[in-house]
There are 2 protein chains.
Amino acid sequence: MNELIIAVAPMHALCKKSGAERVSEAAAKELAKVLEDIGVKISKEAFDYAVHAKRKTIKSEDIKIATRKVLGK
Amino acid sequence: MNELIIAVAPMHALCKKSGAERVSEAAAKELAKVLEDIGVKISKEAFDYAVHAKRKTIKSEDIKIATRKVLGK
């Protein structure tokens, strides 16, 4: 995955929210990549749930159940 | 968390990448929220690792180890 859908810039803000003073550009990119990978996994599961419910639209409930499944909670 | 750092708009693109035709606005918001929550958890862990290594800057290696810890891999 070379081009990310999730922007790198907000990752700096996210890390600063967690207490960090500085975040390297490589670290911000890594975090965007990690979150994008998880996001793709969750939305793939969510899509399966939507299809199973005979819908073409992913709804909030699909994301919720998919998140629990992907994160194993 | 009312205001999200991660933008909602790219979540539609993320879900479409996973095969979905349509994504409700509530679902896109839910996905942004979920990814932001995970991002905050990972960056908090990453910050702890940086501090432990006597650094003030979060580096890519901190994100990698924090991700493994948070996702339990």
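Guide: Let's start with helix 3 of chain A, on the side where A:Glu61 and A:Lys69 are exposed. Exposed means over 50% relative accessible area, buried means under 20%, and partly exposed is in between, using a 1.4 Å probe and protein chains only. Before going on, a word on the ground rules. This is a predicted model, where local features need pLDDT of at least 70 and side-chain atom pairs count only at pLDDT 80 or more, while totals for chains, interfaces and linings use all residues. Residues are numbered from 1 along each chain as its sequence is written, chains are lettered from A and ligands numbered from 1 in the order in which they are written, and side-chain values use heavy atoms, leaving out hydrogens and water.

Helices (H or I, at least four residues) and strands (E, at least two) are DSSP runs, numbered from the N terminus. Helix 3 of chain A covers residues 60–71, so to speak a run of 12 residues, and reaches 16 Å from its first C-alpha to its last, close to the 16 Å expected at 1.5 Å a residue. That expected span is 1.5 Å times one less than the number of residues.

Now turn to the other face. The buried residues here are A:Ser60, A:Asp62, A:Ile63, A:Ala66 and A:Thr67. They cover an arc of only 145° around the axis, which puts them on the same side of helix 3 of chain A; the arc is that of the directions from the helix axis to the C-beta atoms.

What lies over them? From chain A, the cover includes helix 2 (25–52) and strand 2 (57–58). Just past the end of helix 3 of chain A, A:Gly72 takes a positive phi of about 65°.

Hop over to chain B and you'll find B:Thr67 in helix 3 (residues 60–71) of that chain. B:Thr67 is buried, with a relative accessible area of 10%. Leaving aside neighbours within four places in sequence, B:Thr67 is in contact (heavy atoms within 4.5 Å) with A:Val34, B:Ile42 and B:Gly72.
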